[in-house]
Amino acid sequence: MIKVVEGSYAVAHAVKMCRTNVVSAYPITPQTHIVEDLAKFVADGEMKSEFVNVESEHSAMSVCVGASATGARTYSATTSQGLALMFEVLFNASGMRLPIVMTAVNRAISAPLSIWNDQQDSISARDCGWIQLYAEDVQEAHDMVIQAYKIAEDRDVLLPVMVCMDGFLLTHIFEPVNLASQEDVDAFLPPFRPEFYLTTKDPKTFGAFAEPDKYMEFRYMHYEAMERAKGKIVKVAREFSARFKRFKGGLIDEYKTDGADVIIVTMGSVIGTIKDAIDREKKAGLLKIRSYRPFPKDEVRKALADAKNVVVLEKDISIGMEGALFTDLKAALYRSGGRPRRPKCSGLIFGLGGRDFSGKDISNIIKKVRTGKELESFFGLRRELL
Amino acid sequence: MSAEGIPERKRLFAPGHRGCAGCGSAALAAKFTLQATGENVIVASPTCCLEIIATPYPESAWKVPWIHSLFENAAAVASGIEVALKALGRANEAKVVCIGGDGGSLDIGLQAISGAFERGNRITYICYDNEAYMNTGVQRSGSTPYDASTTTSPSGKVSFGNPTNKKNACGIFVAHGITYCATASTAYAKDYIEKVKVAIENQPSFIHLHAPCCTGWGFDSSKSIEVGRLAVETGLWPIYEIRNGQITKVRKIRDRKPVEEYLRMQGRFRHLFDGEKGKEEIKKIQAMADENAKRYGLDEKEGE
């Protein structure tokens with residue numbers, strides 16, 4: 001059913017349709033509308049879930065850890081400072097292989113304080129061992145939640161999933177969204193039946209400590225599960241497409257990359273803007289990274305096999321180096337087997353702390369790349385303020 | 001060992017764990033707790049001695065379902081377990097209990113316990129209090145007593161050790177409106193076990209369990225129970241029970257002993273016996289015991 005709804009509502013609706021047993025969250029702008037909508041569903045009896053209002057994001061994720069280990073399907077949502085406060089628990093949840101799903105609303109990190117969008121928060125959490133999927137639009141943020149549970153709970157994967165969506169730009173926007181029906185979601189997503197969980201019927205120990213002769217193997221198994229997740233993300237996207245008659249999923253998307261001399265690589269809500277701009281340009285293409293962890297190395301190499309110019313646009317920076325996606329992308333290209341193909345790669349940091357970015361900016365970037373001039377690594381920097 | 005004649009029906013906390021010889025703390029806390037709860041329990045622990053001595057992968061001393069997540073979040077994890085059991089229609093399967101040390105409970109874990117109690121999650125939180133961060137090498141915690149020498153509050157030429165008093169944990173949690181709150185000691189197993197039985201039937205509940213640590217406090221490993229009893233007999237560790245905000249039971253003391261007897265047994269207070277100034281300090285500690293006696297009515301009167 002297509003309805004014009006707020007992005008946050010669409011996400012909450014998807015969580016409801018997944019028959020999530022336990023929701024635990026702490027309010028933080030701009031994640032609030034998601035959890036408010038969920039709280040209302042529960043209050044109205046539309047959603048049979050335990051909704052746990054906690055005293056911090058650290059506890060929100062800890063409640064999810066306890067509930068997931070007990071066999072419940074769990075959900076949380078947070079952003080920015082909240083995600084940072086959860087950091088320790090993120091590692092713990094993934095290390096214990098608990099298939100928690102969380103919407104990470106993307107927002108800048110303090111200082112200076114900013115409630116506006118960039119992707120520094122979830123990028124900084126990239127090494128926590130969670131699958132990270134970045135949504136382009138509201139429909140995708142909604143669809144990804146449903147797919148996320150299926151990926152996370154797969155016994156070959158058993159990893160938590162962060163569905164990342166740009167704060168305000170997606171959470172607070174009203175768009176026509178094809179809201180999943182209960183019938184479709186039930187047919188697509190089986191109930192969560194973990195092999196091991198906390199029960200008196202078969203007492204198990206969760207969260208033991210590992211000495212140096214055993215720790216590394218746990219990390220390796222975690223790494224392997226993440227590698228296996230690549231195939232599952234693609235498989236689940238196909239299954240989703242078969243049931244819901246639309247394709248939103250997989251590791252990457254390519255848009256007009258065939259024969260393009262400039263390919264923009266990016267993640268998140270800016271993609272719509274870029275597609276519009278590309279439609280007006282000739283021989284320009286877009287590579288969308290949907291799955292940032294696991295990073296689709298092979299798919300990226302293949303997609304950029306014939307590229308001459310690659311421009312990575314991202315809303316984060318690893319201070320002391322460059323944008324994290326830029327580093328990852330170059331590493332993927334460098335590792336190409338056989339004849340190493342080295343397109344000219346430029347990395348652009350843009351939109352930090354919610355700075356606006358338009359289709360005209362994209363056109364200018366493409367034009368400048370074609371002149372062979374070096375691009376400035378901070379796009380739209382106001383030098384007069386420095 | 002059977003404590004005070006309680007038959008050890010089934011060892012739900014298995015022997016063979018790696019606790020120190022004579023551990024009057026984590027090991028006894030776990031053992032007595034499970035004697036009280038039986039098998040129908042799910043336990044969450046923060047990072048603490050208990051976690052380290054009982055679960056080196058792939059071994060586990062726990063014969064009940066048990067989870068350790070992090071240092072400061074046991075109460076939140078337990079809340080998650082409790083709501084999950086409810087959501088999955090398994091609420092009658094088990095009681096949810098936390099057991100953790102004083103650092104993970106009363107310092108870094110205080111906020112999570114506050115959250116769980118304020119929400120009214122049906123959990124019992126048991127803090128076994130060995131009065132410092134023992135697992136990491138005897139650093140001071142918010143539950144370290146006045147004048148105790150620890151590695152981060154050492155006694156020295158110009159210091160008598162820890163300059164502050166123990167945090168009043170029961171006071172904090174009773175203020176949350178919990179149903180049941182009690183103090184206990186591993187040296188009085190029967191009393192403690194009875195209290196655990198009451199606590200799990202009256203959740204949310206909290207038990208502050210005094211738990212002597214021979215390694216950290218500096219006494220012979222055969223003296224754990226003796227030291228624990230002296231803490232009670234001197235009035236330094238009053239044993240009481242609070243139901244719905246009211247003190248309902250106090251363990252009376254006949255012929256309360258001077259605190260010196262308790263302090264003298266422990267290396268952490270040895271510096272108090274070195275000179276005249278130490279005597280003044282012991283007087284201050286005696287005054288604390290006297291204040292406890294007055295506040296909780298510890299002294300048994302003639303004819304009581």
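## Elements and numbering

Helices (H or I, at least four residues) and strands (E, at least two) are DSSP runs, numbered from the N terminus. This is a predicted model, in which local features need pLDDT of at least 70, side-chain atom pairs count only at pLDDT 80 or more, and totals for chains, interfaces and linings use all residues. Residues are numbered from 1 along each chain as its sequence is written, while chains are lettered from A and ligands numbered from 1 in the order in which they are written.

## Chain A overall

Chain A has 12 helices and 15 strands. Its C-alpha trace spans about 70 × 50 × 45 Å along the principal axes. The radius of gyration of chain A is 21 Å, which agrees with the value near 21 Å for a compact globule of 386 residues. That radius is taken over C-alpha atoms, and the globule rule is 2.2 Å times the number of residues to the power 0.38.

Of the 386 residues in chain A, 54% are buried. A residue is buried if 20 or more other C-beta atoms lie within 10 Å of its own, exposed if 12 or fewer, and partly exposed in between; C-beta atoms are placed from the backbone. Two residues are in contact if their C-beta atoms, placed in that way, lie within 7 Å. Among contacts in chain A between residues at least 6 apart in sequence, 79% join residues at least 24 apart.

## A:V11 in helix α1

A:V11 sits in helix α1 (residues 7-17) of chain A. A:V11 is buried, because 32 other C-beta atoms lie within 10 Å. Leaving out residues up to four places away in sequence, A:V11 touches A:I34, A:T103, A:A141, A:H142 and A:V145. A:H33 is 22 residues from A:V11 along the chain, and their C-alpha atoms are separated by 9.7 Å.

## Helices α3 and α4 of chain A

Helix α3 (residues 57-69) and helix α4 (residues 80-95) of chain A pack at an angle of about 25°, with their axes 7 Å apart. So α3(A) is roughly parallel to α4(A). Angles under 35 degrees count as roughly parallel, over 145 as roughly antiparallel, 65 to 115 as roughly perpendicular and the rest as oblique. Axes are lines fitted to C-alpha atoms, for helices over the stretch in contact, and angles run from 0 to 180 degrees between N-to-C directions.

From α3(A), the residues that meet α4(A) include A:M61, A:C64 and A:V65. On the α4(A) side, A:L85, A:M86 and A:V89 are among them. The residues of this contact divide into 8 nonpolar, 4 polar and 1 charged. Ala, Val, Leu, Ile, Met, Phe, Trp, Tyr, Cys and Pro count as nonpolar, Asp, Glu, Lys and Arg as charged, and the others, Gly among them, as polar.

## Where chain B touches chain A

In this interface, 38 residues of chain B are in contact with 37 residues of chain A. Elements of chain B that each supply at least two residues include β1 (41-45), α2 (49-54) and α3 (74-87). α3(B) gives the most to this side of chain B, with 11 residues. By class, the side has 22 nonpolar, 11 polar and 5 charged residues.

## Backbone details

A cis peptide bond joins A:S110 and A:A111, with omega about 5°. A:A111 lies in the loop between β5 (101-106) and α5 (120-124) of chain A. In chain B, a cis peptide bond joins B:Y57 and B:P58, with omega about 5°. B:P58 lies in the loop between α2 and β2 of chain B.

A:R19 is not a glycine, yet has a positive phi of about 50°. A:R19 is partly exposed, with 17 other C-beta atoms within 10 Å.
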